[in-house]
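Student: Can we go through this one together? I'd like the sheet and then the helix packing.

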Amino acid sequence: MNAPNNTPRTLAVDDILNADQAYRLASEGTRLLWQGDFHNAKQLMQAMARRIDQSAKRRSKKPAPAPEGLHPAAHAFHLHRQAQAHRARILGSIVLPMTGDYSLALRRAPNVQQACAEAWGPAKGQDVHIALRELLGVIGAHEWRKKGVEIPALGAPPNNRIHPYYGVFSPVRGEYIDLVAQAPLPSKALAFDIGVGTGVLSAVLAKRGVQHVVATDQDPQALACAQDNLQRLGLSSQVSLQQTDLFPAGTAPLIVCNPPWVPARPSSPIEHAVYDEGSAMLKGFLSGLRAHLAPDGEGWLILSDLAEHLHLRSREELLQWINDGGLRVMERLDIRPRHTKSTDTNDPLHKARAAEITSLWRLAAG
């Protein structure tokens with residue numbers, strides 16, 4: 001029986017395959033089912049990545065002009081996203097045979113059973129093909145989960161670490177956490193944390209003396225991650241977790257939200273923490289905030305202006321959404337980014353990243 005047209009061709013390969021051959025086959029849409037040495041598969045993928053980078057560097061010397069009506073910065077962003085998607089497709093072409101108990105029957109393959117169980121749940125007993133690129137992401141997430149991320153705002157080590165789960169955005173950018181740690185609290189009685197993620201902002205609020213935090217998220221993995229972190233920090237009695245979209249029932253004197261910063265379509269689960277198509281979460285928070293604020297309460301919107309520098313969203317639009325929500329701006333606290341990309345001149349989005357500011361908008365009912 002012939003395979004459907006949309007089914008990629010799969011070719012069994014091993015250590016004999018060289019990077020040029022692999023790159024050509026992957027570019028043609030062929031999946032490469034690896035049957036050789038595990039570490040050689042990693043080296044092959046790294047060599048393919050170098051070829052992708054070389055090709056991208058050649059194209060960047062003669063960039064296509066922005067279409068009429070599209071700002072050059074937005075055009076650069078869309079080209080960057082296309083390049084990321086191309087890279088993911090090519091590097092994702094190397095797949096490994098995995099048995100139903102999350103084992104790899106390859107020479108020098110590591111034991112990945114615990115890492116896979118953490119990411120995907122208990123093994124289901126079914127043999128599968130797993131992309132090497134995805135598996136390395138799972139292994140990396142397992143290591144982050146083990147060692148955690150140090151958060152100075154949570155106190156002195158070793159009791160100041162957040163342990164991110166696979167698929168839950170890691171709080172490696174600390175500047176937005178510092179804003180929440182330093183902004184003046186309107187009340188210490190109750191706070192809502194909208195989109196809890198790893199639980200880092202709920203933990204910061206609890207450490208600052210907020211007696212009760214109600215934290216929400218739609219993602220069960222995020223809620224499990226937050227629960228684990230809060231228990232590790234001894235803060236679970238101060239924070240209640242709810243699986244819901246945006247707001248819990250009732251009102252609070254403080255409502256905090258750190259929505260995804262860039263209005264673009266996410267291409268993987270982890271990207272939902274970065275990309276918010278159509279600014280849906282941002283607009284949902286601003287339109288519903290007033291109804292959930294207690295008298296004299298504040299909403300804290302933590303947002304980067306990167307989208308503005310990329311001409312994907314204007315400051316005027318943001319201010320209009322704030323006004324449409326019956327809100328007013330009490331104060332805006334700003335901080336410059338400290339991450340390495342902000343100083344990387346080779347980054348195609350360097351100009352926008354270098355100008356980026358992250359702000360905590362203190363909002364009140366208008």
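Tutor: What follows covers the sheet, then a pair of helices. This is a predicted model, where local features need pLDDT of at least 70, side-chain atom pairs count only at pLDDT 80 or more, and totals for chains, interfaces and linings use all residues. Residues are numbered from 1 along each chain as its sequence is written, and side-chain values use heavy atoms, with hydrogens and water left out.

Student: What is the strand order in the open sheet?

Tutor: The order is S9-S8-S7-S10-S11-S13-S12, with mixed pairing. Strands are DSSP E runs of at least two residues and helices are H or I runs of at least four, numbered from the N terminus. Two strands pair if DSSP finds at least two bridges between them.

Student: Which strands stand at the edges?

Tutor: S9 (239-243) and S12 (327-335). Each has a single partner strand, so one side of each lacks a neighbour in the sheet.

Student: How many bridges join S10 to S11?

Tutor: There are 5, and the two strands run parallel. Ala-252 has Leu-293 of S11 as its bridge partner.

Student: On to helices. At what angle do the axes of H2 and H3 cross?

Tutor: Roughly 150 degrees, and the axes of H2 (38-60) and H3 (72-91) come within 10 Å. Axes are lines fitted to C-alpha atoms, for helices over the stretch in contact, and angles run from 0 to 180 degrees between N-to-C directions. That makes the two helices roughly antiparallel (over 145 degrees).

Student: Which H2 residues make the contact?

Tutor: Met-45, Met-48, Ala-49, Ile-52 and Asp-53. Contact means heavy atoms within 4.5 Å.

How values were computed
Angles under 35 degrees count as roughly parallel, over 145 as roughly antiparallel, 65 to 115 as roughly perpendicular and the rest as oblique.
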